[in-house]
Amino acid sequence: MARRLRGVAAAPGIAIAPLVHFHGGMEYIPTRAVAPEEVEREVGRLREAIDHAAGGIHKLRAEMTTVLSDRDAMIFDAQLALLNDRTFQAAMERVVRDQLVNCEVALQRVIAEYEKAFEAMQDAAMRERAADVRDVGRQVLGALMERERKVYTAGGQDYIFAADEFLPSDTGILDRRHIRGIVTARGGKYSHGAILARSLGIPAVVAVEDVLIKVQSGTQVALDGDNGVVVAEPGEEELVRYRQLVAERQDVERKVREARFQPAATSDGVSVELLVNVESVRDLGQIELDAVAGIGLFRTEFAFMERRTFPTEEEQRAMYKNALEAARGKPVTFRTLDVGGEKVLSYFRMPEERNPQLGWRGIRIGLDWPDLFYTQIRAILRAAGEHHVRILLPMVSGYDEVRRCREAVDQILEDLHAAGQRPRGKVELGAMVEIPAFVHVMDQVLPLVDFFSVGTNDLVQYSLAVDRDNPRVAGLYDPFQPAILRILRQIANAAAAGGKPVAVCGEIAGDHHFTPLLLGLGYRQLSMAPVFVPRVKLAVRGFSLGECREMADAALAMTSAAAIRGLLRERVRAASAAMLAGSLPGPGRERMSEGRP
Ligand code: PEP
Ligand code: MG
């Protein structure tokens, strides 16, 4: 029987394939009855998973011997001690034998008991160990799931990735030729898992409540990333309809993609720079650089998140050099490490924060840990050579933070000069505009920076006080809100008054409905996931600057997000349809590569 589950549309496209569980939290564990004759097999599965998890910890500990603090080393040792503890193992085996349930459930129950026991302890250090117990549980569960998913993926079949959330470290285990879609129980349209899915061009639906409980591995699924729907066990009729939709979509996409090598200019010839956001050096090879003006945002933390240890300066230099070479002479904007919030490094223990989005993240960590920041800046500047390099500071809130970063960059440039290693190309320093307070001091910061880049994902979350990762308030996260339009206008005006370029690199830059509005407000650089370049280019070419300004004025006069969205959708839909039908003369239909103005 077909079952429809609703979620949030996170990355466009339709996929039809079996769903496979990759990893989940301890709370998403399906219960399965185990027949008495299956008990030994089940216990064997558990033992194997424990050995596998212990092996993983041993390996990580060995890899990190030189960088581990005593405290970190103790954490690994404590986790290994728990895994090898016979009482702990016997408790789980007892649950399987006595209650005749699968070993995942036994793991869940015993971990919950241990956690509770640690949390109730008097000693604060012992209470903290509850987190380690949870982590051990997650690792054993991960090992069990890894084994299970091989049943469905080992033979090179297509599949839909399902998990509690989609993490940057998952990109390493995905078979890019066979993954057709992504569905997660948590997250929102603007959380980093969704951003990653868009950047990989994989259809995705997020925030599908209890998907891991409701849909077992191996179940056939139709996933609609345009409308946020997942249909488990679709009927024949539904499958035919989805297959038809896939075919129609491919047809439109083919036509849209034809626009990608045309110049990014309005119908009256105003040039716009379209740039791409990248998350991983691995993705660089797949970017059609002739269609864009460069890399507008390299989220370096994602490259850090794919690893199991901190990259050294030399390793970072090699990574940035690869990126610069892959960009073939076009500028690359390296954003310095923006961890914190929901972006965590497995090898960097962050403090538990009650409200991590307002906590220790972005440049705050860089300034508290100068070694980290200096090493990264040095690595970028040493990789620069002749290339055009832009360094972008995340989550800055005011003058002092930017000044300290500027001084650090200048100092490192001087040191490199003295060592004969100074970059020979253009080096620019820029600031992300994503904390609302920063908007009001942009005039003060102007002398310190060469450019700005608007991070609307965070700007919207902080301006509207809506957590971008919380599905409960996802409906309130709306970049079309009149207040957001006014803030965007204020930023564009502040940058223009100071004569500094300003880009938009948040997700709205890749939403073609926003394109004429952003152009009308004064933006001329838009940086987005590569998959959105053709549609945005089509939207750029579909309007004159005068039309864009008139649309921005009309939108700014409106009082509701729904009305603004309605206006823009209607106008962009009509213009795109006319462009696809070939009835609008774009500015030069010849194929050409983008140049910087
Ligand atoms: C943003 O906040 O808009 C942005 C580009 O940064 P991130 O999504 O990585 O926080
Ligand atoms: Mg941000």
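In which sense, parallel or antiparallel, do strand β11 and strand β12 pair, and over how many bridges? In this predicted model, local features require pLDDT of at least 70 and side-chain atom pairs count only at pLDDT 80 or more, whereas totals for chains, interfaces and linings use all residues. Residues are numbered from 1 along each chain as its sequence is written, chains are lettered from A and ligands numbered from 1 in the order in which they are written, and side-chain values use heavy atoms, with hydrogens and water left out.

Strand β11 (residues 332-335) and strand β12 (residues 389-393) pair in the parallel sense over four bridges, pairing being assigned if DSSP finds at least two bridges between two strands. Helices (H or I, at least four residues) and strands (E, at least two) are DSSP runs, numbered from the N terminus. Within this pair, F334 stands opposite I391 in β12. Both strands belong to a closed barrel of eight strands with parallel pairing, which runs β9-β10-β11-β12-β13-β14-β15-β16. From one strand to the next, the twist averages 25 degrees.

Helix α11 (residues 313-326) packs against helix α13 (residues 370-384) at an angle of about 45 degrees, with the axes 8 Å apart. The α11 helix is therefore oblique to α13 (angles under 35 degrees count as roughly parallel, over 145 as roughly antiparallel, 65 to 115 as roughly perpendicular and the rest as oblique). Axes are lines fitted to C-alpha atoms, for helices over the stretch in contact, and angles run from 0 to 180 degrees between N-to-C directions. The crossing of α11 and α13 is right-handed, the near helix being turned clockwise from the far one by less than a right angle. Contacts (heavy atoms within 4.5 Å) involve E313, E314, Q316, R317, Y320, K321 and L324 in α11, which meet T375, Q376, R378, A379, I380, R382, A383 and A384 in α13. By class, this contact has six nonpolar, three polar and six charged residues.

T456, L459, V460, S463 and L464 in α17 meet I484, I487, L488 and I491 in α18. The contact of α17 with α18 has seven nonpolar, two polar and no charged residues.

Helix α17 (residues 456-464) also holds N457. N457 counts as buried because its relative accessibility is 4%, the limit for buried being under 20% relative accessible area (exposed over 50%, partly exposed in between; 1.4 Å probe, protein chains only). Not counting residues up to four places away in sequence, N457 touches Y190, I195, R299, R468, Y477, G506 and E507.

Methods
Nonpolar A, V, L, I, M, F, W, Y, C, P; charged D, E, K, R; others polar.
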